[in-house]
Amino acid sequence: MDIRILNNAQEIAQAVGDIFSAQLKEQPRSILGLATGASPVPTYQYLIDLYKKGKISFKDVKTFNLDEYCDLPREDRNSYYSFMFENLFSHVDILPENVNILDGNAVDVDAECAGFDARIEKMGGIDIQLLGIGTNGHIGFNEPAEAFTEGTFKVKLTNSTIQSNKIYFPDGHMPRYALTMGIGSIMKAKKIILIATGEAKAQAVKAMAKGEVAPACPASVLQNHADAVIFLDKAAASLL
Ligand code: PGA
């Protein structure tokens with residue numbers, strides 16, 4: 001686990017954005033694993049800026065998103081589908097058919113999840129997977145559990161995640177289930193980049209980096225990945 005502590009979210013966005021940019025220049029047909037939440041937004045803004053300056057293109061890129069809520073229409077402003085178009089895809093030249101986001105309303109959930117993992121595999125695997133971390137140590141929606149999860153699956157969200165994310169649902173209708181890439185799916189990515197900023201993440205970051213590798217802190221599994229780079233600001237790194 002390669003831990004890099006920078007001064008603020010902006011410096012992290014630039015450092016992470018430069019890794020993505022180098023990847024796209026070297027391999028224009030890259031497969032990117034993307035994340036939602038507050039943590040990746042400055043990186044997406046930086047990448048949009050590079051695109052607008054003509055320095056990178058997403059024309060031949062394929063993307064897979066980590067997770068999506070269940071029982072929320074795709075067009076809902078809080079779906080991760082909407083989030084990705086609003087924060088990245090609508091501003092760059094990615095082709096909509098190259099965007100892969102789980103269908104949280106699929107009738108056949110098992111087929112949806114298995115098909116998602118199979119599509120990633122068929123395309124040769126994810127080159128770079130971007131991650132945030134929950135205050136409870138989750139990655140994607142892999143919540144603290146008795147065992148590490150494997151492939152993409154349907155998960156019941158924990159109270160901690162509901163508390164963290166309900167600010168986005170002022171009407172109180174926060175979904176209780178989601179589809180998420182499993183720990184096994186995430187660990188197959190060739191490179192993993194995790195971003196954590198702010199004091200609220202310090203405990204989870206400590207458990208991830210210094211605790212034992214155990215499903216009680218799903219992110220701790222990244223200690224076993226050959227190329228996981230963790231970008232922290234000073235507040236998130238304060239307990240290391
Ligand atoms: P955040 O969420 O980036 O909005 O803090 C991260 C996560 O819960 O995985």
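**View 1. Residues around the ligand.** In this predicted model, Gly37, Ala38, Ser39, Gly132, Ile133, Gly134, His138 and Lys201 surround the ligand, each having a heavy atom within 4 Å of it. Local features are given where pLDDT is at least 70, side-chain atom pairs count only at pLDDT 80 or more, and totals for chains, interfaces and linings use all residues. Residues are numbered from 1 along each chain as its sequence is written, and side-chain values use heavy atoms, with hydrogens and water left out.

View 2. Polar contacts are pairs of N or O atoms within 3.5 Å. A side-chain N or O atom of Ser39 lies 2.5 Å from an oxygen atom of the ligand. For His138, the distance from a polar side-chain atom to a ligand oxygen is 2.7 Å; for Lys201, the corresponding distance is 2.5 Å. Of the 290 Å² of accessible area that the ligand has on its own, the protein covers 78% (Shrake-Rupley method, 1.4 Å probe).

**View 3. The parallel sheet.** Seven strands (DSSP runs of E, at least two residues) form an open sheet in the order S1-S10-S9-S6-S2-S3-S5, with parallel pairing. Two strands pair if DSSP finds at least two bridges between them. Strands S1 (2-6) and S5 (99-100) are the edge strands, each pairing on one side only. Strand S6 (residues 128-131) pairs with strand S9 (residues 191-196) in the parallel sense over four bridges, and Leu131 has Leu194 as its bridge partner in S9.

**View 4. The antiparallel sheet.** A further open sheet consists of three strands in the order S4-S8-S7, with antiparallel pairing. Strands S4 (67-69) and S7 (153-156) each have a single partner strand, so one side of each is left without a neighbour in the sheet. S7 and strand S8 (residues 177-180) pair over four bridges; Phe153 has Thr180 as its bridge partner in S8.

Note on methods:
A polar contact is a pair of N or O atoms within 3.5 Å; within protein, one must be able to donate a hydrogen and the other to accept it, and residues adjacent in sequence count only if both atoms are side-chain atoms.
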